[in-house]
Amino acid sequence: MTDHSSLHLLIGGEQLSGGGRETQDVIDPATAEVLGTLPHASADDLDTALANADKGFKEWRRESADKRAAALTKAASLIRERAKDIGMLLTREQGKPIKEAIGEVIYCAMLFEFYAGECKRTYGRELVRPTGQSARVIYVPVGPVAGFAAWNFPAINVARKVGGAIAAGCSVIVKPSEETPAAGLALVQALLDGGVPADVCQVVFGVPDEVSRHLLASPVIRKVTFTGSTAVGKHLTKLAAEDMKVTTMELGGHAPVMVFKDSDVDTVLDTMVGAAFRNAGQVCVSPTRFLVEQDLFENFRDGFIERAKAITVGNGMDQDTRMGPMANERGPEGLAKKIADAKDKGAKIDTGGERIGNQGFFFEPTVLSEVPTNAEIMNEEPFGPVALINPMASADAIIEEANRLPYGLAAYAWTNDPKLRSRLAADVEAGMLAINGANVSAPDAPFGGVKWSGHGQEDGAEGVMHCMVPKTVHES
Ligand SMILES: O=CCCC(=O)O
């Protein structure tokens, strides 16, 4: 199986490395030691991948839904068998606790199993026409897809990029993050081992801007799917527009957690504190801005601080670690700056706020409260282990603050008031809303945002349908 000592490109089924290609080191975020050396694709490699993707698409689009489903199902079963090994690769390169890593890998198997079923559900519709005529809408695969995945979920992000495309009958070239390459490589290998043809799913690495410009400049690619920052998403969307390529953009968030006065504080904290520090807060749907009705505020803040202090931080490979390091050197540096800015503007640092030790990229679980809305951290995704807790005067004020930012990925709310729940469902500007819970991800549930958090969805039936385009066939 793929490991960090044998990192490679996967082009036309060939594992390519060496040959004078540029390389970069892959770093263990828990120790800052080098885990392995990753080859970059040359321009020739990218052209080969594009030619393969073109050929692969022409063949795969004609395969039966049964055959595509069988390959996804087999791959899912191989991923389940390999979950522990892939999880260990993931923890080593990304840092999250091994239990979270294995859970992430299993999610990928579940997603492929769900997509296997969706292969047969790409329904069109018949339009009403006079006798002797017909008109119907059919859905056809959009064409070869270029997918760019982020480092925070090295497995799920790759699975979301390739799964929908393969189910729809597209070919796909995926670029996992260069910082976390091995888990994505192992997933794609399972797809090939499961029967997905080598030209249908390929993996490249390189300097991200160079790879994306090269692939997007090609007329072969008909769809671009990206997970990452809003800034890069806007850049890729503009590049894609040059050739009218379809885009799915899963971008940044700044999720509000609306805690209304009828909530039970301990129940909310028991669910949301763990969610806030999952993957060291490096989650696009991380619960971030806790907007708590005034009456509950003090109890809520005290309980949050107590639970945050109890979190065991350590190497993700240790079984008792509950929070690992941040995934790269940029993490603690960027977070420390945002915390300093918030403090200067009057926020209280209730616990944490500092980097831990001088080895690896560890940061304390941090709680800030009474954070002014002009602090950078209240406006830009912190993407780190920090919770921001503010007292709010009313339900109206909570909803207004929840919608204040240009982001709209996930939102969370706690209330049992049926009228308020309906209002939240209608008025909260987010692609995903969890009421009285912390989970917004499930293989059958569309995952995506609105406003600057992007457009298009992954997972759910939409994850496949966004890799297809409608065609209307009129017959007389
Ligand atoms: O950051 C993206 C993935 C997070 C999730 O699926 O819960």
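1. A polar side-chain atom of Ser441 lies 2.7 Å from an oxygen atom of the ligand, a polar contact being a pair of N or O atoms within 3.5 Å. This is a predicted model, in which local features need pLDDT of at least 70 and side-chain atom pairs count only at pLDDT 80 or more, while totals for chains, interfaces and linings use all residues. Residues are numbered from 1 along each chain as its sequence is written, and side-chain values use heavy atoms, with hydrogens and water left out.

2. An N or O atom in the side chain of Arg160 is 3.1 Å from a ligand oxygen atom, whereas Cys284 places a backbone N or O atom 3.4 Å from an oxygen atom of the ligand. The protein buries 97% of the 240 Å² that the ligand exposes when taken alone (accessible areas by the Shrake-Rupley method with a 1.4 Å probe).

3. Around the ligand (a heavy atom within 4 Å) are Asn152, Phe153, Arg160, Arg278, Val283, Cys284, Ser441 and Phe447. By class, this shell comprises four nonpolar, two polar and two charged residues, where Ala, Val, Leu, Ile, Met, Phe, Trp, Tyr, Cys and Pro count as nonpolar, Asp, Glu, Lys and Arg as charged, and the others, Gly among them, as polar.

4. An automatic or database assignment divides the protein chain into domain 1 (9-251 + 453-475) and domain 2 (255-442), and the ligand shell draws at least three residues from each of them. The centres of domain 1 and domain 2, taken over C-alpha atoms, are 30 Å apart.

How values were computed: A polar contact is a pair of N or O atoms within 3.5 Å; within protein, one must be able to donate a hydrogen and the other to accept it, and residues adjacent in sequence count only if both atoms are side-chain atoms.
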